[in-house]
Amino acid sequence: MHENSPLMKNTSDNNRKNSQRRDLLIAFCTVALTYFLSIILDPAEHFMEWAEPLEHGQIDELPFVFLAAAIVAIWFSSRRMRELSIEIATRREAEKKAHESLIRFQTLFEEGLSGNFIADRYGNLVICNQAFRIMSGMAVRGEDQFNIASALGSEWQAIARDPSPSAYLDFPELILERPDKGVWVVMARFRQVLSETAEIQEIHGYFTDITEQYLAEKELSQLFVENRALAGHAMQAQEEERCRLAREIHDDVGQYLTAIRLDAATIPNIDDRVSASVYLERIAKHAEYIQIAIKRIIRRLRPAALDAHGLVEAIQQLVHDWCKQNPEIDCSMNLDESCNRLPETISIVIFRIIQEALTNISRHAQAHHVDIYLKNKDQGLFVRIKDDGLGIQSSSATPNSFGLTGMRERIESLHGSFVLASRPNAGVTITAIIPFNHSRECKYVENTVG
Ligand SMILES: Nc1ncnc2c1ncn2[C@@H]1O[C@H](COP(=O)(O)OP(=O)(O)OP(=O)(O)O)[C@@H](O)[C@H]1O
Ligand SMILES: [Mg+2]
């Protein structure tokens with residue numbers, strides 16, 4: 001219990017009153033006993049008898065002298081008592097104030113949200129609050145020792161080597177290393193406490209933990225750089241695609257159109273009906289080639305089967321075309337038919353992921369077998385593309401590789417998860433899970449169809 005509590009105060013007041021009563025009682029009893037003994041023993045008469053022969057020395061006056069001395073002594077001691085009780089009251093008041101300021105100190109130092117500490121000039125912790133123990137990891141490790149100097153490295157020199165002319169040393173961002181090697185970023189203020197000889201005696205520190213903010217900002221700026229690179233790549237890819245389309249239109253369509261124009265110009269000059277029919281047949285053949293070429297171009301621009309027959313057939317067609325271009329690779333598929341009823345945004349993402357994965361396999365994998373798996377599960381849509389090729393060589397990634405990043409971004413834009421697993425000479429497995437509310441999405445499809 002606190003010594004200044006009302007209960008304690010009452011108890012000590014009662015004790016004082018009791019002891020005063022006891023003292024009064026003892027004084028009264030002493031006076032009464034002395035009077036009683038004086039009546040029996042007659043000491044004053046005996047004294048007077050004894051003092052009579054010494055009358056010329058005025059010895060008989062001594063009792064009055066003793067009485068005066070006793071009264072003066074009582075007066076002095078009661079004055080001293082009053083002084084003592086004033087001194088005690090002053091001390092009590094000072095103690096109360098000291099206690100209040102201790103409580104204030106504890107509240108500010110101990111319970112503050114900032115990590116507060118006092119360290120010697122070598123960085124050894126003298127005292128710290130709970131917030132500091134938590135942010136430094138001391139609380140988790142159950143340690144009492146911490147050296148700020150070794151956590152701060154060379155920065156500590158600037159703080160503790162020479163007395164600073166300014167009252168505080170402020171750092172908007174300090175990166176420290178915890179003993180567990182974890183990063184710890186703080187906004188810090190230090191105050192040097194100097195001795196009488198102007199030497200640094202202690203360092204007082206106030207830390208605000210900004211680790212999460214720092215990491216989030218770092219991630220954001222990294223994402224910003226990635227986004228800029230992706231946007232640049234998208235523009236470049238668009239340009240390349242346009243060039244390819246222009247080339248294809250020129251080489252395939254243009255070439256056959258020229259041939260048709262020449263044949264059509266020749267026909268009016270032919271009298272012979274049989275020869276004319278040869279030209280007409282050639283025109284029809286060239287028109288057919290043009291039709292095939294245009295269909296191929298349109299399919300590349302947007303998989304037509306996706307609109308016409310749904311995702312499963314579009315993938316089958318994509319894989320069919322890819323297998324024709326890569327006859328040395330054997331391909332197996334397991335596609336869930338219910339995936340045809342997915343919303344367009346999801347279908348396009350899945351189609352493009354499989355398309356990029358197949359392109360990567362033909363470009364980088366040297367695989368013999370590819371397996372494509374698509375399943376509509378409870379937790380969402382599950383896609384897996386697996387090959388048995390070389391696997392991703394750590395040295396082969398270039399800053400201009402965007403395919404895998406694009407896949408991840410597409411999946412993340414649908415709040416899905418993307419996992420890329422690769423082992424040397426054991427191929428690459430790409431797994432994506434796209435969550436969606438099955439009933440809601442089906443309704444959406446029905447609504448769009450209706
Ligand atoms: N199936 C795979 N087998 C082996 N290596 C692969 C496979 N897929 C990707 N890689 C490796 O990963 C790297 C990154 O692939 P990514 O698709 O991101 O870029 P890219 O194919 O090089 O270029 P692009 O941006 O045109 O797609 C590739 O350069 C390649 O080395
Ligand atoms: Mg690629």
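Guide: Ser-19 sits in helix H1, which spans residues 6-41; helices (H or I, at least four residues) and strands (E, at least two) are DSSP runs numbered from the N terminus. With a relative accessibility of 24%, Ser-19 is classed as partly exposed, where buried means under 20% relative accessible area, exposed over 50%, and partly exposed in between (1.4 Å probe, protein chains only). The model is a predicted one, in which local features need pLDDT of at least 70 and side-chain atom pairs count only at pLDDT 80 or more, while totals for chains, interfaces and linings use all residues. Residues are numbered from 1 along each chain as its sequence is written, chains are lettered from A and ligands numbered from 1 in the order in which they are written, and side-chain values use heavy atoms, with hydrogens and water left out.

From C-alpha to C-alpha, Ser-19 lies 141 Å from Val-278, and 259 residues separate the two in sequence. The domain assignment, which is automatic or taken from a database, divides the chain into domain 1 (6-106), domain 2 (115-209), domain 3 (212-301) and domain 4 (307-449). Between the C-alpha centres of domain 2 and domain 3 the distance is 66 Å.

Another serine, Ser-347, belongs to helix H12 (residues 344-365). Ser-347 is buried, because its relative accessible area is 5%. Leaving aside residues up to four places away in sequence, Ser-347 touches Leu-306, Leu-311 and Leu-342, a contact being heavy atoms within 4.5 Å.

As for charged pairs, the whole structure contains 14 salt bridges, each defined as a side-chain nitrogen of Lys or Arg within 4 Å of a carboxyl oxygen of Asp or Glu. One of them joins Arg-80 to Glu-83, with 2.8 Å between the closest N and O atoms. These two residues are about one helical turn apart, because they stand three residues apart in helix H3 (residues 62-110). Arg-80 is partly exposed at 42%, and Glu-83 is likewise partly exposed at 35%.

A salt bridge also connects Arg-189 and Asp-170, at 2.8 Å from N to O. This pair links distant parts of the chain, 19 residues apart, with Arg-189 in strand E4 (residues 183-194) and Asp-170 in strand E3 (residues 169-177). Arg-189 is partly exposed, with a relative accessible area of 35%, and Asp-170 is partly exposed at 45%.

Lys-181 pairs with Glu-177, the closest N and O atoms being 3.3 Å apart. Lys-181 counts as exposed at 62%, whereas Glu-177 is partly exposed at 41%. Elsewhere, Glu-226, Arg-408 and Glu-412 form one network through salt bridges that share partners.
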